[in-house]
Amino acid sequence: MTAPSGATRGSWATRAGFLLAAVGSAVGLGNMWRFAYKASEGGGAAFVVVYLLIVALVGVPLMTSEFIVGRLAQESPARAVRRLGGPAWTPLGWLFVFCGVGILAYYSVIAGWTMRYAIDAIRNSIPSDTGAYFAEVSQGPDAALYHLVFMVLTTVVVAGGVKGGLERANLIMMPLLFLILVGLAIWATTLPNGGSGYAYYLRPDPAKIFSADVLTAAAGQSFFSLSLGMGALMTYASYLKSQENLAREALTVALSDFGVAFVAGLIVFPVIFNFGLLDRVGESTVGALFIALPAGFDQLGRTGDYVDTAFFVMLLFAALTSAISLLEVVVAALVDGARMRRRDAAIAAGFAITILGLPAAFNTTFLGNLDAFVGQFLLIVGGLCTAFLVGYRILPQADAELARGLDNVGLRRFWAWLVRYVAPVVLIVVLGFLAKPTWQAVVGLVTYAR
Ligand code: PHE
């Protein structure tokens, strides 16, 4: 088993290209709604503190591990874990591909709503009754249609290859995303009654710091948001040839991801409070984004027409740059493992995922259950297995790979300690807390509950 040559696999043109793509994968729909929502629910600043601790102690070391395996193996994660770890690790490779398929299947449905909102925002045709509009857009033939269009877009980018597809798309979309984000956050400070929104978002509730719910929510959110546990960043690192310090790259990606999530909250909450729309956020985690926000924008008249366009275009960019990393995991497995041509692999995988996403397009409860099972539970399982693989099975090799860019022995020891002891303990505890809700989600999936 020899690794395929670099010429057929492709590689990044520049370090910035790799970094932007990795940040593009991490920054997605998860940052724009899930973070702010979880924070407001989990004690505001208290959630942020727990979240940052998890990112620092578990997220960054595991992301470093994924980068190490990817660059070391120079092949798709599905094959890399087997070649490095031995045949017993084959199922982990399958798990990665399964997660890529499973997450993209529903992620693309939400991205489809986003695209619909962006198009209607540009045409100034988002109705004032955003609740009814969302109900119409989010389930049924409309949702299926936009899901299909979004999947075609994702497939086209991935078919374009590493430099011509992934790198180029991120190089265009990510800077625009940052620009819009900062612009909107500055605009939000001008809202006359936005102040209580900041307070609601960040009011510290220290009692919640040590609660199991906050720990579980923070862990689940960090894995999803950082694109960890399913080989997405591993795949991106497999196109790296350089000697970069992989721990520093991981820190950069994690900080950028957190920064975007945090700033997104500084937009979402002032708008919601300025217009007194908290009740519209409701039970559903997407309510804030797709019902309350556009209702607020609607009350702004002309300004609102620009602001909602900017907001939903930004959201669409965030979704697309994440979706391509999800599809890339599957495509890389087909290219390296089944020797398919990239274009054929992208079309085959894109088509299959479009079909598999249809149940989620017709049933938002199914979508939520898929998110709970694959987007939360399985990512943590994947992360735990990755920690075991790197920390116990291939540590000397992994350490040597990290040493190519990081010669500080103390820091490498600290990294290994986090991967071997801290990450597994935290993740096993979290999996314990998740057992029951995950079981309920699986039952819901199997029965196609509504
Ligand atoms: N990180 C992305 C987001 O926050 C989602 C994602 C998860 C992408 C896993 C790739 C892998 O939206």
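These legends go with close-up views of a predicted model.

**View 1. Phe-311 and Phe-312, a pair of rings.** Here we zoom in on one of the model's 29 aromatic pairs. The ring centres of Phe-311 and Phe-312 sit 5.3 Å apart and the planes meet at 85°, so this pair counts as edge-to-face. Both residues are buried.

**View 2. Phe-311 in the largest nonpolar core.** This core has 169 residues, and Trp-113 and Phe-311 are the ones that touch the most other members. Skip the neighbours within four places in sequence, and Phe-311 is still in contact with Leu-184, Ile-267, Leu-289, Leu-293 and Phe-297.

View 3. Phe-35, Phe-47, Tyr-51, Tyr-200, Tyr-201, Phe-258, Phe-262, Phe-269 and Phe-273 make up one aromatic cluster. One of its members, Tyr-200, has Arg-203 lying over its face, at 5.1 Å from the ring centre.

**View 4. Arg-34 over Phe-224.** In this close-up, Arg-34 lies over the face of the Phe-224 ring, at 4.8 Å from the ring centre. Phe-224 turns up again in the next view, as part of a cavity lining.

**View 5. The largest cavity.** The structure has two cavities of 30 Å³ or more, and the largest has a volume of about 140 Å³. Its lining takes in 17 residues; nearest the centre are Ser-25, Tyr-107, Phe-224, Ser-227 and Leu-326. As for helices, α2 (15–26), α3 (29–41), α6 (90–122), α11 (212–225) and α16 each give at least two residues to this lining.

Conventions. Residues are numbered from 1 along each chain as its sequence is written. This is a predicted model: local features need pLDDT of at least 70, side-chain atom pairs count only at pLDDT 80 or more; totals for chains, interfaces and linings use all residues. Side-chain values use heavy atoms; hydrogens and water are left out. Rings of Phe, Tyr and Trp (its six-membered ring) pair if their centres lie within 6.5 Å; planes under 30 degrees apart count as stacked, over 60 as edge-to-face and the rest as tilted. Buried means under 20% relative accessible area, exposed over 50%, partly exposed in between (1.4 Å probe, protein chains only). A charge sits over a ring if NZ of Lys or CZ of Arg is within 6 Å of the ring centre and within 35 degrees of the ring normal. A nonpolar core is a set of buried Ala, Val, Leu, Ile, Met, Phe, Trp, Tyr and Cys residues joined through side-chain atoms within 4.5 Å. Contact means heavy atoms within 4.5 Å. On a 1 Å grid over the protein atoms alone, a cavity is a set of points where a 1.4 Å probe fits but cannot get out, and a pocket is an open set with protein on both sides within 12 Å along at least five of seven lines; lining residues have an atom within 4 Å of a point. Grid points are joined across faces, edges and corners, and a volume is the space filled by probe spheres set on the points. Helices (H or I, at least four residues) and strands (E, at least two) are DSSP runs, numbered from the N terminus.
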